[in-house]
Amino acid sequence: MKTLKPWIATFFLLLCINIHSQEKKKFKIHTVAFYNLENLFDTINDPNKFDEASPIMEMKTEIGDIYKKKVSNMARVISDIGSEMAHNSPAVIGVSEVENRSVLEDLVNDPLLINKDYGIVHYDSPDARGIDVAFLYQKKLFTPLHTSSHELKIYDDNTRERVYTRDQLLVSGKLDGEMIHVIVNHWPSRRGGEARSRPKRVAAAKLNKSIIDSLQAIDPYAKIFTMGDLNDDPTNASVKKILKAKKDREDVGLKGIYNPMENFFRKGLGSNAYRDAWSLFDQIMMTKPLIEKDYSSFRFYQAGIYNKNYLVNKEGRYKGYPLRSFADGGFTDGFSDHFPVYVYIIKQID
């Protein structure tokens, strides 16, 4: 194994970039990311979950090898996100479509990630498919101080029976000594059509807004990231009318929310595709204190969709789409049907 240079081993990169002037300044940088891991299920049938319908449980042979390769592929992507600029994998990352804590432990102990020493925040949610959200953090960079899981109660339009879906995960802690809050989401799907399912995502947005409001009631200047697979685009009602997220920094008020993903979407870029149409369901938004121009503490610098060439399908009817792990009843040796998304945050140093 190559010995890391001392400046890399400190887990940050000192950037020399120009901000608001021609004077070169030095900045510390971290990556904050989100990734839908597309059905990261183990090979054990849990009688309390509907996990037997997961793609990996439907495999007939070599299920153990498929699972190991799936975990390895997810670790490869996570290890790469943000590395071009930060020279490190994400300091913190929210993930969705994970079955349990066990698969997360396998993930963070993969050879590509084990040296990063990721910690895990995970709660079992009541989702009917047995999938959860979770939060991973590099222990040398982030210290969780408070975590909580927030239940989303929604009901079927016709039967009025409870629809069991993912909880929303709140993690509050210190990133390099600075307090931040991260909410990890996986909002209800568009099953049954976008219009019919829309109220469920509006309800999810209202829950998300209430979590943000509660944090801002304690501290109006709280640095909050809300991220996840929203199953809605940046321009849908859940994001624009409920969260009131703005695409332009100058329009964000004191307790407002900035969505850097909206400009990507308006340019035709997406994180997932369906029927030859791109969507940007995977988003990272943030509160105003993260977009101030004073870089004496961590502020937003840049956002991105991690759509590197190896994550893209090269052929067939899904050419150009994200190269997913499971298709046509088999394992493709791919990654996910979603691209990850990320933001860089930076802080000026002497």
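Which residues lie nearest the centre of the largest pocket? They are Arg129, Ser189, Arg190, Arg191 and Asn231, which belong to a lining of 44 residues. The structure is a predicted model, in which local features need pLDDT of at least 70, side-chain atom pairs count only at pLDDT 80 or more, and totals for chains, interfaces and linings use all residues. Residues are numbered from 1 along each chain as its sequence is written, and side-chain values use heavy atoms, with hydrogens and water left out.

Confidence comes before detail. The pLDDT is the predictor's confidence in each residue, on a scale from 0 to 100. The protein chain averages a pLDDT of 92, and 92% of the residues score at least 70. Over residues 1–12, however, the pLDDT is below 50, and this stretch has 16 contacts in the model beyond near neighbours in sequence. A contact here means heavy atoms within 4.5 Å.

The largest pocket has a volume of about 1600 Å³. On a 1 Å grid over the protein atoms alone, a pocket is an open set of points with protein on both sides within 12 Å along at least five of seven lines, a cavity is a set of points where a 1.4 Å probe fits but cannot get out, and lining residues have an atom within 4 Å of a point. Grid points are joined across faces, edges and corners, and a volume is the space filled by probe spheres set on the points. Strand E2 (24–40), helix H5 (194–218), strand E14 (272–274), E15 and E18 each supply at least two residues of the pocket lining. These elements are DSSP runs numbered from the N terminus, with at least four residues for helices (H or I) and at least two for strands (E).

Arg190, one of the residues nearest the pocket centre, lies in the loop between strand E10 (178–186) and H5. Arg190 is partly exposed, with a relative accessible area of 26%; buried means under 20%, exposed over 50%, and partly exposed in between (1.4 Å probe, protein chains only). Leaving aside neighbours within four places in sequence, Arg190 is in contact with Ser197, Arg201, Asn231, Asp232, Asp233, Asn236 and Phe281. Ten residues along the chain separate Arg190 from Lys200, and their C-alpha atoms are 9.1 Å apart.

The structure holds two cavities of 30 Å³ or more, and the largest cavity has a volume of about 50 Å³. Its lining includes His122, Tyr123, Asp124 and Ser125. The elements that give two or more residues to this lining are E5 and strand E9 (168–175).

Aromatic side chains form a further theme. A pair of aromatic rings is described by the distance of the centres and the angle of the planes. Rings of Phe, Tyr and Trp (its six-membered ring) pair if their centres lie within 6.5 Å; planes under 30 degrees apart count as stacked, over 60 as edge-to-face and the rest as tilted. A search of the whole structure finds twelve aromatic pairs. The rings of Trp278 and Tyr321 have centres 6.2 Å apart and planes at 65 degrees, so this pair is edge-to-face. The pair links distant parts of the chain, 43 residues apart: Trp278 is in strand E15 (residues 277–279), and Tyr321 is in the loop between strand E17 (299–305) and strand E18 (326–327). Trp278 is partly exposed at 31% relative accessibility, whereas Tyr321 is buried at 11%. Tyr321 also pairs with Tyr318 in a tilted arrangement, at 5.5 Å centre to centre and 40 degrees between the planes. Trp278, Tyr318, Tyr321 and Phe339 form one aromatic cluster.

The backbone also deserves attention. Most residues other than glycine have a negative phi. Asp117 has a positive phi, near 55 degrees, and is found in the loop between helix H4 (101–108) and strand E4 (118–122). Asp117 is partly exposed, with a relative accessible area of 35%. Lys140 lies 23 residues from Asp117 in sequence and 7.8 Å from it in space, C-alpha to C-alpha. Lys140 is found in the loop between strand E5 (132–138) and strand E6 (142–150) and is exposed at 62% relative accessibility. Asp333 likewise has a positive phi, near 65 degrees, and lies in the loop between strand E19 (330–331) and strand E20 (341–349).
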